[in-house]
Amino acid sequence: MCRPILPACLWALILTLPAVCSAQAPPDATGACNDTVEVDRFRLLRQLTLDLWGRAPSEGELRTLVSGEVDEARVDTMLASNEFDRFVERHHADLLWPSVNGLDFVPIAGLLLPTAQYGDGGDGNRLFNIFIALYQRRELYAACKDEPAVFDEDGEPVFEDMVDGTRREGYVFVEPYWAPGTQIKVCAAEASVRPTNEYGDGCATFQGMYSGQCGCGPNLEHCADLSVAQTLLPMLREQLMRMVRGPIDGNRPYTEVLTTVEEELNGPLAHYYRHLAPLAIDPIVLVPPVAPAELADLPYTDFAWRTFRRTPELHSGVLTSLAYMLRFQTARARANRYYNAFLCEPFQAPVEGLPSPNDECSQEPNLSERCGCNYCHSKLEPAAAHWGRFAEAGTLYLDPQVYPVFDSRCAACAENPQRECGFICDRFYVTDIGHPKEAQYAGVLKAYEWRTREQIARMELGPKVLVEDAITDGRLASCSTVQLFRRLYKREPTEAEVNGELLELSRAFQAGGFNFKSLVKSLVQSPGYRRLVR
Amino acid sequence: MNTTHHAAPLFLGLVTLLSCGEDRSGTKTERPEAEIDVGRQADRATADPTPDAALPVVVQSTLSRAPGRMTVDQLRRSIEIITGGLAWEEDFGDGPTDMLEVLAPTIGAPDYLLVTEENLEPSLIIAKFLHDASHRLCVRWVENESVAPPERRTLVRHAAAFESREEADIKAGLRALQLRFFARYLPEDGAEDGPISALYGLFLNASSTSTPGREAKDGWLAVCIAHMTDPELLLY
């Protein structure tokens with residue numbers, strides 16, 4: 001009765017069958033069904049094609065097996081194909097979770113919104129910016145009038161006082177950098193090319209744009225409409241994936257994924273680095289990892305990717321990429337994901353639970369020592385310190401020349417609650433003393449709080465040293481093998497497997513120069529890959 | 001948490017079921033267990049770290065693989081391969097919409113912000129949506145096939161006219177579909193036709209109760225839906 005023409009029967013049985021073993025597959029001593037069947041060459045090709053290429057094989061591909069086998073050459077072909085990129089990308093997407101919220105990336109100070117979304121009447125395609133609207137038109141979502149702008153003798157747009165209390169100017173047509181050769185309707189204040197605001201702040205800086213007195217500059221260069229945001233986000237993901245695919249496609253050591261100082265950029269990202277990153281302060285990007293001067297001749301419309309060297313040298317592969325640091329916005333989150341994905345060492349609370357928060361030991365401010373918390377944090381805190389020179393809630397490299405370990409201004413404000421600390425102190429330095437033990441850290445860069453001398457030395461070298469440790473002691477090879485086993489074998493490995501066959505494979509992976517494709521090949525060519533558990 | 005743990009009992013049932021057609025094709029390859037020489041492999045890989053350089057895996061392997069469910073992305077791409085380019089699309093007035101993309105969050109695909117691991121349980125939700133997909137796709141597929149020349153057909157894979165209801169033609173088409181959908185090879189001599197005998201009955205039933213002129217269309221429509229909603233499509 002269990003025939004393919006009765007799918008409802010199958011589905012019902014699949015969904016309701018208890019975990020019992022068949023007569024052919026009796027339970028073993030642990031109660032698990034341990035019968036296996038070796039799939040034939042056609043099923044093996046289906047399995048391989050779905051796993052490595054992310055799709056079922058075509059009928060033509062399957063018919064080549066009528067008089068053939070799934071031999072080593074075929075596996076090599078599959079690994080060499082562009083379609084294998086799907087496997088690489090999906091595997092690493094599951095490890096790195098490359099998904100960034102648009103507003104965590106495109107600075108709101110330079111965001112141009114269409115009036116259509118804010119019910120302002122008239123042509124909904126007029127673009128406006130909320131900071132300019134607030135400071136020049138007196139209302140956050142007040143766009144300009146839907147009529148051509150009028151300018152005074154100084155070339156400034158003329159605003160008209162409106163009955164709703166706002167003041168509004170007209171629009172102008174501008175050729176935007178993202179669509180050369182076209183003209184779009186932009187409110188005249190937003191289209192301003194003035195170089196500074198009345199305080200002397202440059203209009204290409206966040207101070208200028210947040211003042212609401214600046215426009216977007218020539219061709220709207222330091223602003224972005226929603227189409228630019230929609231272009232940039234996938235580019236950010238693609239940049240991360242290129243960092244992953246590069247060493248794998250090039251048969252270079254897989255470790256480069258986690259250690260390279262280089263990254264690739266195309267026109268849209270280069271434009272972001274040059275003109276939009278300097279406006280991004282929440283999250284804080286501000287200074288991109290590639291100097292804007294190196295990107296001068298890369299127009300937004302050039303979608304070809306080029307390789308650049310990041311500065312400073314402590315950049316460490318995907319772990320300090322924009323996509324990673326904007327997805328994982330705290331040093332702890334960055335270390336946590338790295339430990340989960342690449343070391344297979346998740347941080348888990350002790351099974352006996354945590355002590356009461358009323359317990360005296362729970363008052364300890366240093367999480368590495370606080371009872372219960374220290375179960376994870378004694379390891380997590382030193383690991384997180386490797387990202388200490390990169391801003392949390394952002395990607396900015398905290399250059400010691402600009403952000404010294406100790407700042408006396410910040411210390412002064414920490415010691416005097418009446419004193420205004422300012423953005424830099426509040427954001428990066430210890431200014432809030434919540435426990436007597438913290439007093440010693442007043443005015444110290446937050447990442448240095450509670451750190452030992454040895455941890456500080458490692459912090460200055462970045463996450464790369466964390467990776468180098470794992471390369472040396474074999475944890476990276478071992479975890480990479482286990483992660484690939486999970487993906488290809490669709491189950492957790494047993495402890496015996498981890499310490500047996502998978503350990504041998506990981507040692508070969510390491511000894512062979514961390515060739516990712518070779519490891520995949522070894523796993524799919526193992527007889528075990530063909531052996532299906534029933 | 002790894003979802004495959006939860007899915008294990010469900011898959012167990014499936015695999016037991018998958019094995020209940022004894023005539024399952026495929027030569028069960030009696031391959032001797034390979035031997036792995038990790039040391040040799042490492043030496044070669046060091047010298048030339050390309051996939052070609054990797055030696056065959058050598059262990060007296062005791063590893064085994066569990067059945068897995070296709071991801072939403074694998075399913076979308078596989079449907080296109082199997083149907084020769086069709087996708088499950090609906091038009092709600094704004095042009096064709098890829099339904100698997102729309103339904104991806106419902107079916108459990110990760111967005112890596114709120115959902116970080118794909119739910120790969122063979123759930124009723126995925127069964128329900130495949131059922132919906134089959135009814136939309138198969139109608140289009142059959143209509144396309146009915147006017148396509150035999151060499152261009154992807155559903156009705158016999159060489160005769162589309163309208164043919166000859167047993168030999170229908171069974172030839174069914175064998176091809178078993179390969180196309182499930183990678184189950186059935187020799188053309190019919191020696192292992194067990195898995196398609198019920199499907200042939202289904203074709204006859206659907207075509208014989210059809211309105212005049214639609215016999216072949218309704219027969220193949222029933223066959224298409226049966227294949228598309230078979231759990232074997234999703235599991236591998």
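## Disulfide in chain B

Cys224(B) counts as buried because its relative accessibility is 0%. In this predicted model, Cys224(B) forms a disulfide with Cys138(B), the two sulfur atoms being 2.0 Å apart. Cys138(B), also at a relative accessible area of 0%, is buried. The link is left-handed, with -75° about the S-S bond.

## Packing of H4 and H5 in chain B

Helix H5 (residues 124–146) of chain B packs with helix H4 (residues 99–107) of chain B at about 160°, and the axes are 10 Å apart. That angle makes H4(B) roughly antiparallel to H5(B). Their crossing is right-handed.

From H4(B), Leu103(B), Thr106(B) and Ile107(B) meet Ile125(B), Ile126(B) and Phe129(B) of H5(B). This contact has 5 nonpolar residues, 1 polar residue and no charged ones.

## Disulfides in chain A

Over all chains, the structure has 8 disulfides. One of them joins Cys344(A) and Cys479(A), with sulfur atoms 2.0 Å apart. Cys344(A) sits in the loop between helices H12 (331–342) and H13 (374–384) of chain A, and Cys479(A) in helix H18 (residues 475–489) of chain A, 135 residues apart. Cys344(A) is partly exposed at 24% relative accessibility, whereas Cys479(A) is buried at 1%.

Cys413(A) and Cys421(A) form another disulfide, S to S 1.8 Å. This link is right-handed, with 90° about the S-S bond.

Cys373(A) is partly exposed, at 21%. Cys376(A) is in no disulfide and is buried, at 14%.

Key:
Residues numbered from 1 in each chain as written. Chains lettered and ligands numbered in written order. Predicted model: local features only at pLDDT ≥ 70, side-chain atom pairs only at ≥ 80, totals over all residues. Heavy atoms only, no water. Axes fitted to C-alpha atoms, helices over the stretch in contact; angles between N-to-C directions. Helix = DSSP H or I, 4+ residues; strand = E, 2+ residues; numbered from the N terminus. Parallel < 35°, antiparallel > 145°, perpendicular 65-115°, else oblique. Left-handed = near helix turned anticlockwise from the far one by under 90°. Contact = heavy atoms within 4.5 Å. Nonpolar A, V, L, I, M, F, W, Y, C, P; charged D, E, K, R; others polar. Disulfide = S-S within 2.5 Å. Buried < 20%, exposed > 50% of the residue type's maximum accessible area, 1.4 Å probe, protein only.
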